[in-house]
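Welcome to this guided tour. Please open your viewer, and we will go from one selection to the next.

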Amino acid sequence: MHVSSIQGSIMGASRMDNSYVVLSKQNRSHGHGIPPRPPSAAAPHVEPNQPTRAIEGSYIVLPPAAASIYKTSTSEGGGVQLPPPSMNSNSPLPGNSFHSNVTVLTRAFEIATSQTQVEQPMCLDCMRLLSDKMDKEIEDVNTDIKAYEACLQQLEQKSYNILSDASFQKEKQKIEDEEEKLKAAIEEAEKQYSEISSEMKNLEIKSKEFEELEERYWHEFNSFQFQLTSHQEERDTVLAKIEVSNVHLELLKRTNVLNDAFYISHDGVIGTINNFRLGRLPNVQVEWDEINAAWGQAALLLHTMAQYFAPKFQYQIKIHPMGSYPRVTDINNNTYELFGPVNLFWSTRFDKAMTWFLTCLQDFAEFAISLDKENNVPPDKSLKLPYKIDGDKVGSHTIFLSFNKLENWTKALKYTLCNLKWVLFWFIGNTSFAPPSGSLCAATSSKR
């Protein structure tokens, strides 16, 4: 038997008032109130032919409800008596009588188990534990009874003020009024609760709407932030391009196209313009095509600077840059060819063309000096040609080719290009030149 079955039998023990076990005289000697273990009804099934002991002097009294299942005669106690068999323990029981007795005992134990909630039959140890448990509960109940009796005596000894009928009615009316007030307060609270519940529902609806608006706002905000970042990156890119363009613009402003378009230098004693040599020596035979190209570049440069200041600069000698075949027109409208080849001993027209070119260069230099004076430029910073021009001479060398040595003629041409370069530097420092497309095309074609 489990201890849980014993604990569960406490409540069922109160229903054992109509069921009890009557033992034989031989079994009563075990002690007062401690029944011995009854014959095992849960033992293995005994065959009808096997011998067994008779159940002498033992029977069970059942409650009327349980005893009604048997159709034998009832005793005065309202139970069913199981008569002991007339045979002794050594003689075998008849099959039908023994089987019916076992069946009745099995059924009786089942009914006892269902009535007491304790599994029957019980062993001696389980019965002792159950008896001790019930004794402890009886002791606890007696203790509670004594405590209740003591409290009752104290209450009986106290004196109470007994209210009169009028006072009772007054107190009753007061309680009823208070009850009415409480009912009104409850109704008001229920009404407020209903209003608050309705308001809470409205607020929940509005809260959901606000959540949807917030979610939509954040979506739009993220989209706008993305577009803003894209625009900022694009703006930064444009600003960077503008900055680079400004740097290039400043560089271009400080760069004059004439300085790149007309690069004047020298190759030994021979002056050059755009790598075209202007002059020749006995031991350095320069082709006339190259000399003509150099004169064409020089004529184009002087003509471009003179045209920039027109009509302020009124020069009477006209320079006609025509590529490798430039011409010069004097004050009498006589035109001379500034290109070769020419005869070394008879080159009058070529000599006059070079002389008028020097005169035009001198006139433009004097015009530049006059502008410096107008702009109050100090004399040390004003234009001053490195080689003086006097008629057909540059420095101390004539520019005539006729009856002249090639060395002297070449030096005069080199000095002429040097004066032209100084005039070009002055022009770059005092103007922001933007040449017309025609001039650039002409300079490009001349270089080619």
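In this tour, a contact means heavy atoms within 4.5 Å. What you have open is a predicted model, in which local features need pLDDT of at least 70, side-chain atom pairs count only at pLDDT 80 or more, and totals for chains, interfaces and linings use all residues. Residues are numbered from 1 along each chain as its sequence is written, and side-chain values use heavy atoms, with hydrogens and water left out.

**Start inside.** Select Trp295. Leaving aside neighbours within four places in sequence, Trp295 is in contact with Leu278, Pro326, Leu338, Phe350, Met354, Phe357, Ile399 and Leu413. Buried means under 20% relative accessible area, exposed over 50%, and partly exposed in between (1.4 Å probe, protein chains only). Helices (H or I, at least four residues) and strands (E, at least two) are DSSP runs, numbered from the N terminus.

**Move to a salt bridge.** Select Lys312 and Glu374, whose side chains meet in a salt bridge (3.7 Å, N to O). The term stands for a side-chain nitrogen of Lys or Arg within 4 Å of a carboxyl oxygen of Asp or Glu. Lys312 lies in the loop between α7 and β6 (318-320) and Glu374 in helix α8, so the pair ties together parts that are 62 residues apart in sequence. Lys312 is exposed, at 52% relative accessible area, and Glu374 is exposed too, at 53%.

**Try another pair.** Select Arg107 and Glu110, which form a salt bridge with their closest N and O atoms 3.2 Å apart. They sit three residues apart in helix α3 (residues 95-116), so about one helical turn separates them. Arg107 is partly exposed, with 38% relative accessibility, and so is Glu110, with 43%.

**Finish with confidence.** Colour the chain by pLDDT, the predictor's confidence in each residue, from 0 to 100. The chain averages 78, and 74% of the residues score at least 70. Where does pLDDT stay under 50? Select residues 1-60 to see such a stretch, for which the model has 85 contacts beyond four places in sequence. Residues 65-94 are also below 50.
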